[in-house]
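Here is a friendly set of notes to read alongside the model. Please keep the structure open as you go through the points.

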Amino acid sequence: MNFLKRFILIVLLIFTSKTITLNAIAVSKLDLNNKVVLITGASRGIGLATAKYLANKGFRVYATIRDTNSLDTSKIKNVHFETLDVTDLESIKKTIHKIVMKEGRIDVLINNAGFALGGALENLTMDDINKQMDVNFFGAIRMCQEVLPHMRSQKSGHIINISSEQGVYGLPYGSMYSASKAALEAMSEALSIELLPWRIDVSIVEPGPVETDFSLKMGTREIENDPYKKICDYMESSHKQKNDREKLESHYQSAEEIAKFLCDVIDAQEPQLRYQTNRLSKGIVSMKLNDVSGEDYLRKMKTMIEAFQKRLIKK
Ligand code: NDP
């Protein structure tokens, strides 16, 4: 190839690559307001706040709830409410089919539905444990498996899995909640690589404590002379009375803050794999991910449990 041909080729390459980049930006800006977002567990808390926030920003939001009677949707503007239980594959298939028929696409899936199972591991029945995994982990898998064929054919999409900082460290008396979120995290990491050929992003979001009516269900396995009873009863009643929340108020984020955070995650040109929603959770997660021997974790948890037990003795 002579010099002139090479020169023309280079100019053409620069020109076309610029056009492609500019077009890509134009398309992404154009798409922003039309992006179709599907979110699970939107009857209250983070899910509902996110649905409202994204709808206000112009996204086309499909907010799914288990029981349509649990929420008066008539006053909530621009949010399409649909019925979906993440443990019921038929309801998932039906709702996704309906959205795709209407919109032709799903751009963002937010796997948010979840609850916490509390209690010492010995206090949990296998049924309790199955239910925890069924909602927090298998539920997200069911959603991904049904949404992915559409995202693959679009060659774009973003799956956002709502984990928790407790998906990174094991919380005593919340072992299976932590396990369900840790499983979600490992699955998300692997999935993010599997989906690279279709330019589908996967993000894990790890909030710390959020001021919602987050459901805590205690384990139902009875054991003789239950040695965990006092600590678990205290845990349950303080969750109900929100005593500890008041004391820790400054550490709590609002559901609206998380909604804004999720909007920024959707908006990111190159989404991260893992996000913490505030500085405190970033500190905890970074400590844990660097603590390869587990020593720091054990030391911090022992201090926390000792303080907890002192409070119980005083009561
Ligand atoms: P809420 O309890 O306020 O909301 C949970 C939502 O999940 C509800 O809409 C609930 O619906 C729904 N849900 C439960 N089971 C199912 C199911 N089988 N199918 C469909 N939806 C279901 O909790 P938050 O808003 O606080 O929590 C949302 C997510 O954020 C959860 O995944 C949680 O683990 C995570 N998170 C929460 C934190 C917090 O401190 N609040 C901290 C870190 C993470 P229904 O009304 O029908 O029960």
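**Notes on the ligand site and the helix packing**

1. Let us start at the ligand. One of its oxygen atoms is 2.6 Å from an N or O atom in the side chain of Tyr177, a polar contact being a pair of N or O atoms within 3.5 Å; within protein, one atom must be able to donate a hydrogen and the other to accept it, and residues adjacent in sequence count only if both atoms are side-chain atoms. The side chain of Thr212 likewise has an N or O atom 2.5 Å from a ligand oxygen atom. Gly41 takes part through its backbone, where an N or O atom lies 3.1 Å from an oxygen atom of the ligand.

2. A word on what you are looking at: this is a predicted model, in which local features need pLDDT of at least 70 and side-chain atom pairs count only at pLDDT 80 or more, while totals for chains, interfaces and linings use all residues. Residues are numbered from 1 along each chain as its sequence is written, and side-chain values use heavy atoms, with hydrogens and water left out.

3. How many residues surround the ligand? There are 28, and the closest are Ser43, Arg44, Arg66, Tyr177 and Thr212; a residue is near a molecule or strand if one of its heavy atoms lies within 4 Å of it.

4. Tyr177 also belongs to a helix pair, as Met176, Tyr177 and Ala179 are among the residues of H5 that meet H4, whose side includes Ile129, Phe137 and Leu148 (contact means heavy atoms within 4.5 Å). Helices (H or I, at least four residues) and strands (E, at least two) are DSSP runs, numbered from the N terminus. The axes of H4 and H5 come within 8 Å and cross at roughly 20 degrees; axes are lines fitted to C-alpha atoms, for helices over the stretch in contact, and angles run from 0 to 180 degrees between N-to-C directions. H4 and H5 are therefore roughly parallel to each other, since angles under 35 degrees count as roughly parallel, over 145 as roughly antiparallel, 65 to 115 as roughly perpendicular and the rest as oblique.

5. H4 (residues 126-154) has another partner in H3 (residues 89-103), with the axes 10 Å apart and an angle of about 30 degrees. H3 and H4 are therefore roughly parallel to each other. Their contact is made by Leu89, Ile92, Lys93, Ile96 and Val100 of H3 and by Arg142, Met143, Glu146, Val147 and His150 of H4.

6. Now compare H2 (residues 45-56) and H8 (residues 255-267): is their arrangement parallel or oblique? Their axes come within 8 Å and cross at roughly 55 degrees, so H2 and H8 are oblique to each other. Among the contact residues are Gly45, Ile46 and Tyr53 of H2, with Ala255, Leu262 and Ile266 of H8.

7. Finally, two loops deserve a look. Tyr173, in the loop between strand S6 (157-162) and helix H5 (175-194), has a phi near 65 degrees, a positive value in a residue other than glycine. Arg199, in the loop between H5 and strand S7 (200-206), has a positive phi of about 55 degrees and is not a glycine either.
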